[in-house]
Amino acid sequence: MQRTVTCGGLNKDFAGKTVVLNGWIHRKRDHGGITFLNLRDRYGLTQVVVDDDASEELKALAVSLKQEFCIAVEGLVRLRPDSMINREMATGEIELKALKIEVLSKSEVLPFQIDEKTNANEDLRLKYRYLDLRSKAMQEHIILRSKFAFAVREFLTSKEFLEIETPTFIKSTPEGARDYLVPSRLYPGKFYALPQSPQIYKQILMVSGFDKYFQIARCYRDEDARGDRQPEFTQIDLEMSFASREDVLSLTEGMMQYAFKKSINVDLPNTFERISYDNAIDIYGTDKPDLRFEMKMQDAAFMAEIGNFAVFKDAVSSGGAVKALVVKGQAEAYSRKKIEELEAAAKIYKAKGLAWIKVTETGAKFEGGISKFFEGKEKEVCSKLGAEKGDLILFVADKYKIACTALGAVRSKLGKDLGLLNPAEFKFVWIVDFPLFEWNEEENKWDPAHHMFSAPQEKYIPTMEENPEPVKGDLYDLVLNGYEVASGSIRIHNPELQKRIFKIVGFDESEAEKKFGFLTEAFKYGAPPHGGIAPGLDRIVMIMAGETSIKEVIAFPKNSFAVSPMDDSPSEVDQKQLDELHLAIKR
């Protein structure tokens, strides 16, 4: 009883033919001697009917069947009457009159219903992930992931990129997160690390003369989990020799255009918008702006001069900023309680408070909040900020970075609260000109903003030791709908320049030699200029699927505590294994 067609493959052209289906019983209905079964596989659903003229044996078997029994059905395809056509099913024009049924395996009572999308809690879904993966939503997500990955391979291969695997057991090197370590049985006290990324190896491949490399790479980082983060994840890792930033950006745009069209039939623009890091912070309060809605932040420092509000005056006089956000048409909709919810979002980012004004009349009459401090200045404020009757104006006054990031968080919350985030819209934007270094207040030193192999922009190279703060890197992030989905840079290929970067970030020469000596040694032998990028496959597919957690697009993810409820990992190992690895458990 091996299938001759899938459960999603039948249509009216099969009418009168005998076929065999294999699948799972999705739903069952008994109607006075007639049994209806919806049979499911990953291709779709077909309605199977056991008629009242079937043999008593077949009718008895049909009555005994339960949900998620795996069965084989041989039957005759027949057309449904026009009044009975199910327009919501791809196979809704036909049904299968069962002639023979074979139970391939039975199912126990289900821990949750397998529907299009289950409401079961996360840990239950992950414990019975094999059942969760039978749902229509999860099957569509995993199929989408496969299509997207295949389209990426097609595109890059067409551009003469070579898919090359890099090691999974590597030397532990500092890359920003904790490594997962693998103890060596043969070399007691020594460890391999699982790669946080293939960064060093792909650079060595450039030295090796493979000028166009890519890999759909598994990466591992021992860090706290969250919705769009997992201890193991997948990158579309690529690197190019003799390439400029423009080459990398253009190639990535082409790859996204091709893969989105091929996998979900969405046309992306030929080029993506570009915003400098400084402008992104100034206008959106984040280097991951969601551009599906406008609502740009504005400089409102002028209000410190024209009004009597001490908070604004103090912020500006101490070198800080006043940032404003005009929320169109929402003056009436936002009560004091709802504004306090926005203020709570701002306070997470260290803002002391959220000031507000409502524009209530044409001619710009103010009401509520801090309006009394700007009596007689309404027209000037509205003119400079572009506010009109019915608008709500929000303000944060503080140190510049706090004012920007806090009001940016308010903007993000407003986008969600006001329903401005269309999941079917895909807004890419490049963030460029990042700082190369960032100040670490706890350790009183400069850290690399991305990683230590990113090249500074050429104009900063002569003086970067004297003043690291203004140095911009040849760095770029790709942002989609408010998520960073790719990060990359032009790399350092000059050993002397690499040593200078190590020194600025407090990585002494002996430590650098110990950690990265094999890379700097390789650079002594004619390393080409090179650069690359690493889009996050999980996160991109998550956004394409309209989800907010990458767990929804990974077949077997960990939960929020980095645990797998299905196979109970991580788990203890027996003493024999520990002894072989020369390890002892210290509690």
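Helices here are DSSP runs of H or I, at least four residues long, numbered from the N terminus. With that settled, I opened the model, which is a predicted one.

**Entry 1: helix H5**

I started at H5, residues 199-207. I looked up what comes after H5 and found Gly 209, whose phi is positive, near 95°. Next I listed the buried residues of H5: Gln 199, Ile 200, Lys 202, Gln 203, Leu 205 and Met 206. I then asked what they pack against. Two of the partners are strands E9 (212-220) and E10 (232-241). The others are helix H14 (509-522) and strand E22 (530-533).

**Entry 2: the whole chain**

I stepped back to the protein chain. I noted 587 residues, of which 49% count as buried. The chain holds 16 helices and 22 strands. Its C-alpha atoms fill a box of roughly 90 × 75 × 55 Å along the principal axes. I also checked contacts with a separation of 6 or more: 68% of them join residues 24 or more positions apart.

**Entry 3: helix H10**

Which residues of H10 are buried? I found Ile 339, Leu 342, Ala 345 and Ala 346. They lie on the same side of H10, because they cover an arc of only 105° around the axis. I recalled the general rule: an α-helix has 3.6 residues a turn, so residues three or four places apart point the same way. On the other side of H10, I marked Arg 336, Lys 337 and Ile 348 as exposed. The buried residues pack against strand E14 (355-361), strand E16 (392-398) and helix H12 (400-417). Just after H10, I noted Lys 350 with a positive phi of about 75°.

**Entry 4: Lys 389**

I moved to the loop between helix H11 (378-385) and E16, where Lys 389 lies. Is Lys 389 buried or exposed? I put it down as exposed, since its relative accessible area is 54% and the cut-off for exposed is over 50%. Leaving aside neighbours within four places in sequence, Lys 389 is in contact with Val 359, Thr 360, Glu 361 and Thr 362. I also took the C-alpha distance from Lys 389 to Lys 328: 8.9 Å, for residues 61 apart in sequence.

**Entry 5: the second largest pocket**

I read off a volume of about 710 Å³ for the second largest pocket. Its lining has 27 residues, and the closest to its centre are Gly 44, Leu 45, Glu 116, Lys 136 and Glu 140. Strands E1 (18-31), E2 (34-41) and E3 (44-50) and helix H4 (136-158) each give two or more residues to the lining. H4 gives the largest share, six residues. By class, I counted six nonpolar, nine polar and twelve charged residues in the lining.

Most residues other than glycine have a negative phi, and most peptide bonds are trans. I looked for exceptions. Glu 160, not a glycine, has a positive phi of about 70°. It sits in the loop between H4 and strand E6 (162-163), and Glu 160 is exposed at 63% relative accessible area. Asn 265 has a positive phi too, near 55°. Asn 265 is in the loop between helix H6 (245-264) and strand E11 (273-276), and counts as exposed at 55%. Last, I found a cis peptide bond joining Ser 569 and Pro 570, with omega about 0°. Pro 570 is in the loop between helices H15 (537-544) and H16 (575-580).

Terms used: Residues are numbered from 1 along each chain as its sequence is written. This is a predicted model: local features need pLDDT of at least 70, side-chain atom pairs count only at pLDDT 80 or more; totals for chains, interfaces and linings use all residues. Side-chain values use heavy atoms; hydrogens and water are left out. Buried means under 20% relative accessible area, exposed over 50%, partly exposed in between (1.4 Å probe, protein chains only). The arc is that of the directions from the helix axis to the C-beta atoms. Contact means heavy atoms within 4.5 Å. On a 1 Å grid over the protein atoms alone, a cavity is a set of points where a 1.4 Å probe fits but cannot get out, and a pocket is an open set with protein on both sides within 12 Å along at least five of seven lines; lining residues have an atom within 4 Å of a point. Grid points are joined across faces, edges and corners, and a volume is the space filled by probe spheres set on the points. Ala, Val, Leu, Ile, Met, Phe, Trp, Tyr, Cys and Pro count as nonpolar, Asp, Glu, Lys and Arg as charged, and the others, Gly among them, as polar.
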